[in-house]
Amino acid sequence: PDPVARDPWAELNPQQREAVAYGAAPDAGPLLVIAGAGSGKTSTLAHRVARLIADGADPNRILLLTFSRRAAAEMERRVGRVLQAVLGMRPGGAQPPALQWAGTFHAVGARLLREYAPRIGLSESFTIHDRGDAEDLMGLARHELGYSGAKSRFPLKGTCLSIYSRAVNAQEPLDRVLARHFPWCAQWEAQLKALFGAYVAAKQDQHVLDYDDLLLYWAEMMKEPAVAEEVGGVFEHVLVDEYQDTNRLQAAILLAMKPDGRGLTVVGDDAQSIYSFRAATVRNILDFPGQFARPAQVVTLERNYRSTQPILDASNAVIAESPERYAKQLWTDRASSQKPELVYVSDESGQARWVADQVLARREAGVRLISQAALFRSASHSAALELELTRRNIPYVKFGGLKFLEAAHIKDVLSLLRWARNPLGRLAGFRAVQLLPGVGPATAARVLDAMAAADLPRQALQAFKPGAAVAADWQPFLETVLALGDPALAWPADLDLALRWYLPQLPRLYDDPVVRQADLDQLARIAGTYASREQFLTELTLDPPDATSGQSGAPLLDEDYMILSTIHSAKGQEWRAVYVLNVVDGCIPSDMSTGDADEIEEERRLLYVAMTRARERLQLVVPQRFYVHQQSGLGDRHVYGTRSRFVPDALLPLFEVLPKSRGQAAGAAPVREGSRIDIAGRLRGAWS
Ligand code: ATP
Ligand code: MG
């Protein structure tokens, strides 16, 4: 029987209970739960939400901010389960109240901005640009300013966007951002300023927001006292999970939502901070207690409920080697004689075969596929494993990898929908118009220019006279676009309408129309689960569905499948068996970051996050022939990587080394102290 079903609070330990019940007094201040991996931070947060609701809080006035949509859904499920028990509901009987406001900062921002758009001079039909769109728009602005000549050494559009994004999210002036993170671009400061000005103006003219704007406009809106009071007042309680991975802008938003900290709860773990490349800063969590007039209540949790003692010992040892201080001593009563394993394999295909064998063996032993995960440093590292799993018919779902929405045909359809709704969105329009046979960039630009110059863009579109060669195809296209622009058209009927025009174009546009049609069928199926076109476009842009084996698409929810995930996307989750791939120097830490000591420490935390996902079984796999990139006096070269420096010889007794024939000496990687390659220093030097 489910223990929660009997007494939902009974399973909590005293510290967890303190955090759950905190704030019954009306003047209670902010609450911080800071604790190690698997200590029940997320569970405690879920119980706290349930407790608040059980004590009479209005679920519509609770804002729950999580790291992903999946995490929000999981949290909602947990809250529901506890509430059912508290309220004495029978499972399957009346539904517990749903949380209206659970999601990522970006998704919540998008929704608030839609609601408050008229108040802040924003078009209600604004389009959200994903990373690719944002890069393209930046590229256009770069081109228009004349920075993109063939001989120009001006930073590429992707780099420009990263610089811009970093300045926005870290709330830092451009010169600081350049000096610290992009020293090789510092000489372009004046041009970059002009470029960002042009980029911002283009977004505003076209009624588009990029990801960063979802936070930025939210923060700006909160600077208006009347709006701040209204928006802040909507939410009695604001709770944030994974607070260590928020950035300055997000912290500013929280402070504006709850200036005195009342009703504000944040939880996190400084040892798991892994998003500094997106301007997240661990200072947020460290500064939190002293940020308010009333000091925050701080609760720490030290008991780990997830992992066995040997897994915890090895994870603790990896993080303890760090020169940084993380104030945590985790313990568990889950004893086990099974140490985590350090497995040497020949190369990546050997690794793929090994993992597939292990996965099947575990399944024989009763561990379902869905309780097993392979984790890796970057999305491309799973290719060999994906091939092997496909060959053996082992189904899998991949998190944090290839984005369904980045496929060209999906973008085609979405750009039709977006442009019909926001006719000033140039990128969507540019793409949509060129779907017509015989229409190239020049014609597309003429159409869009005419629309941008008109007071009523749709009428300008209707009045547009295409050349004779295009005329026959123009009319049905025009009718589709105009029909799609009708706000009265219900969802998902508009998607059907768009597909009715688009599907017949597929064989002309692509060599593999059949596969693409299957993807679009999938898209139509997913569409039905969203309430409106706005919600569909927003959520799909911000947090696309995960890719599956077979083809890109939504997971096959009713089947058993194993999980492949980047470590970054595995945050907060747990599996009975975890395989960490490529535990090789040059991979963890990555060869991109073998410079700066801070970056190296972030890579250590990444390995710590990976290891602490495991409940019963943990394997770190080390391919002996894994090419890593190395810069030396002789220039760039590729060398075989050695075991990750985060698992030095001193830690080997905490692992079982496989294969057994490989003694400790043979398994030992040379200690490469002093051999760190200071790429960042060199790059800085090149520009000084
Ligand atoms: P992470 O740092 O990885 O996000 P976390 O601190 O959020 O971890 P949870 O995911 O909340 O930890 O909990 C880890 C596991 O421990 C879950 O399986 C959860 O159900 C279980 N757990 C948490 N608290 C208790 C408890 N008091 N008794 C039994 N199990 C618990
Ligand atoms: Mg958690």
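Here are some friendly notes on this predicted model, point by point.

1. Ground rules. Residues are numbered from 1 along each chain as its sequence is written, while chains are lettered from A and ligands numbered from 1 in the order in which they are written. As this is a predicted model, local features need pLDDT of at least 70 and side-chain atom pairs count only at pLDDT 80 or more, whereas totals for chains, interfaces and linings use all residues.

2. The ligand shell. Ligand 1 has 18 residues around it, and those that come nearest are Gly40, Lys41, Thr42, Ser43 and Tyr305; a residue is near if its C-beta atom, placed from the backbone, lies within 6 Å of the molecule. By type, the shell holds four nonpolar, nine polar and five charged residues. Here Ala, Val, Leu, Ile, Met, Phe, Trp, Tyr, Cys and Pro count as nonpolar, Asp, Glu, Lys and Arg as charged, and the others, Gly among them, as polar. With three residues, helix α3 (residues 41-54) gives the most to this shell. Helices (H or I, at least four residues) and strands (E, at least two) are DSSP runs, numbered from the N terminus.

3. The open sheet. Six strands, in the order β3-β2-β6-β7-β1-β8, form an open sheet with parallel pairing; two strands pair if DSSP finds at least two bridges between them. At the edges are β3 (101-103) and β8 (297-301), each of which pairs on one side only. On average, neighbouring strands of this sheet are turned by 10° against each other, direction ignored. Inside the sheet, β2 (residues 62-65) and β6 (residues 237-240) pair in the parallel sense over four bridges, and Leu64 has Leu239 as its bridge partner in β6.

4. Helix α3 again, now with α2. Two packed helices are described by the angle between their axes and the distance between the axes. For α2 (residues 14-21) and α3, the angle is about 40° and the axes are 8 Å apart. Axes are lines fitted to C-alpha atoms, for helices over the stretch in contact, and angles run from 0 to 180 degrees between N-to-C directions. This makes α2 oblique to α3; angles under 35 degrees count as roughly parallel, over 145 as roughly antiparallel, 65 to 115 as roughly perpendicular and the rest as oblique. The crossing of α2 past α3 is right-handed. A crossing is left-handed if the near helix is turned anticlockwise from the far one by less than a right angle, and right-handed if clockwise. Gln16, Ala19, Val20 and Ala21 of α2 make the contact with Thr44, His47, Arg48 and Arg51 of α3, where contact calls for C-beta atoms, placed from the backbone, within 7 Å. Three of these residues are nonpolar, three polar and two charged.

5. Helix α17 with α18. Which way does α17 cross α18, left-handed or right-handed? The packing angle of α17 (residues 408-421) and α18 (residues 426-433) is about 120°, with the axes 8 Å apart, which makes α17 oblique to α18. The crossing itself is left-handed. On the α17 side, Lys411, Asp412, Ser415, Leu416, Arg418 and Trp419 make the contact, and on the α18 side Ala428, Gly429, Arg431 and Ala432. The contact divides into four nonpolar, two polar and four charged residues.

6. Helix α17 with α22. Helix α17 also packs with α22 (residues 493-502), at an angle of about 125° and with axes 10 Å apart. The two are therefore oblique to each other, and α17 passes α22 in a right-handed crossing. From α17 come Asp412, Val413, Leu416 and Leu417, and from α22 Asp494, Leu495, Ala498, Leu499 and Tyr502. Seven of the contact residues are nonpolar, none polar and two charged.

7. Backbone spots to look at. Trp491 and Pro492 are joined by a cis peptide bond with omega of about 0°, and Pro492 sits in the loop between α21 (468-484) and α22. Another cis bond runs from Leu658 to Pro659, with omega near -10°; Pro659 is in the loop between β18 (656-658) and α27 (664-667). His207, in the loop between α9 (189-205) and β5 (208-210), has phi near 55°, a positive value in a residue other than glycine.

How values were computed
Two residues are in contact if their C-beta atoms, placed from the backbone, lie within 7 Å.
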